[in-house]
Amino acid sequence: MSEQATFYFDLGSPYAYLSAERVAAVFDDAGAEHPEWQPILLGGLFARFGRDSWAKGPDRAEGLREVERRAQAYALPPIRWPDPFPGNMLTAMRAATFAKEIGRTVSFALAGFRQAFAAGRDLSEPDNVFLTAASSELHPRSLEIAVNRQAIKDRLRAATDHAGDLGVIGVPAVAVGDEVFWGDDRLEEAAAAARQ
């Protein structure tokens with residue numbers, strides 16, 4: 001009997017993009033139930049744990065190359081980096097929270113990741129978030145209203161806090177029971193744990 005896992009993501013993370021594109025197949029291969037997708041705000045985790053993005057540090061160039069190498073290995077389109085990278089994902093992640101509220105998490109998230117890392121569009125720009133909404137059958141006007149609702153803001157904050165309480169310090173991360181598997185390179189291990 002498999003235990004449902006939770007897949008934590010932020011649309012600003014290229015490693016989360018790499019995992020998002022393959023998580024369903026990896027869990028299928030392991031014979032595990034697909035995980036629930038949970039949007040969280042990576043910046044909130046960074047603030048809580050006193051961390052920052054690798055893309056702002058001395059290992060940036062190496063990290064960019066590694067993401068590009070993995071995308072090629074996974075047979076994904078070549079990475080097109082948005083400018084700026086990393087960007088401010090607050091509106092995009094509020095949008096993802098609204099998408100979850102109405103049962104469109106996966107389609108919206110995949111569309112957002114592809115806009116950012118396959119098309120190179122900056123999701124810091126609200127117009128690019130609304131373009132993502134339209135491509136995943138969410139009405140842009142409804143989304144524009146939703147991202148300003150206090151309930152959506154509170155839900156994203158609560159989800160991020162809860163993830164931090166579980167020990168999620170970055171994305172992608174998969175929680176299986178009380179165990180957290182952090183990183184694209186631990187996706188298979190997470191799927192195996194969900195199956196057990």
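# Reading pockets, strands and cores

Reader: What is the volume of the largest pocket?

Author: The largest pocket has a volume of about 500 Å³. This is a predicted model, in which local features need pLDDT of at least 70 and side-chain atom pairs count only at pLDDT 80 or more, while totals for chains, interfaces and linings use all residues. Residues are numbered from 1 along each chain as its sequence is written, and side-chain values use heavy atoms, with hydrogens and water left out.

Reader: How is such a space found?

Author: Rolling a probe the size of a water molecule over the atoms shows where empty space is left. On a 1 Å grid over the protein atoms alone, a pocket is an open set of points with protein on both sides within 12 Å along at least five of seven lines; a cavity is a set where a 1.4 Å probe fits but cannot get out; lining residues have an atom within 4 Å of a point. Points are joined across faces, edges and corners, and a volume is the space filled by probe spheres set on them.

Reader: Which residues lie nearest the centre of the largest pocket?

Author: They are Gly12, Ser13, Leu42, Phe46 and Ser53, from a lining of 26 residues. That lining has 13 nonpolar, eight polar and five charged residues. (Ala, Val, Leu, Ile, Met, Phe, Trp, Tyr, Cys and Pro count as nonpolar, Asp, Glu, Lys and Arg as charged, and the others, Gly among them, as polar.) Helices α1 (14-20) and α3 (42-49) each supply at least two lining residues, and α3 gives the largest share, three. Helices (H or I, at least four residues) and strands (E, at least two) are DSSP runs, numbered from the N terminus.

Reader: How many cavities of 30 Å³ or more are there?

Author: The search of the whole structure finds one. The largest cavity holds about 70 Å³ of space. Of its 13 lining residues, Gly12, Pro82, Phe85, Gly87 and Met89 are closest to the centre. By class, nine are nonpolar, two polar and two charged.

Reader: Which way do the strands run beside β1?

Author: Two strands pair if DSSP finds at least two bridges between them. Strand β1 (residues 6-9) runs parallel to β2 (residues 36-39), with four bridges, and antiparallel to β3 (residues 173-176), with three. Threonine 6 stands opposite glutamate 36, and tyrosine 8 faces alanine 173. In the β3-β4 hairpin, with two residues between the strands, glycine 177 has a positive phi near 60°.

Reader: Are the faces of β1 buried or exposed?

Author: Buried means under 20% relative accessible area, exposed over 50%, and partly exposed in between (1.4 Å probe, protein chains only). Thr6 and Tyr8 on one side of β1, and Phe7 and Phe9 on the other, are all buried. In β2, glutamine 38 counts as buried because its relative accessibility is 15%.

Reader: Which residues touch the most other members of the largest nonpolar core?

Author: A nonpolar core is a set of buried Ala, Val, Leu, Ile, Met, Phe, Trp, Tyr and Cys residues joined through side-chain atoms within 4.5 Å. Here the largest has 64 residues, and Phe9, Leu11, Phe27, Phe108 and Leu143 touch the most other members.

Reader: Which residues is valine 23 in contact with?

Author: Contact means heavy atoms within 4.5 Å. Leaving aside neighbours within four places in sequence, valine 23 is in contact with Pro35, Trp37 and Leu187.
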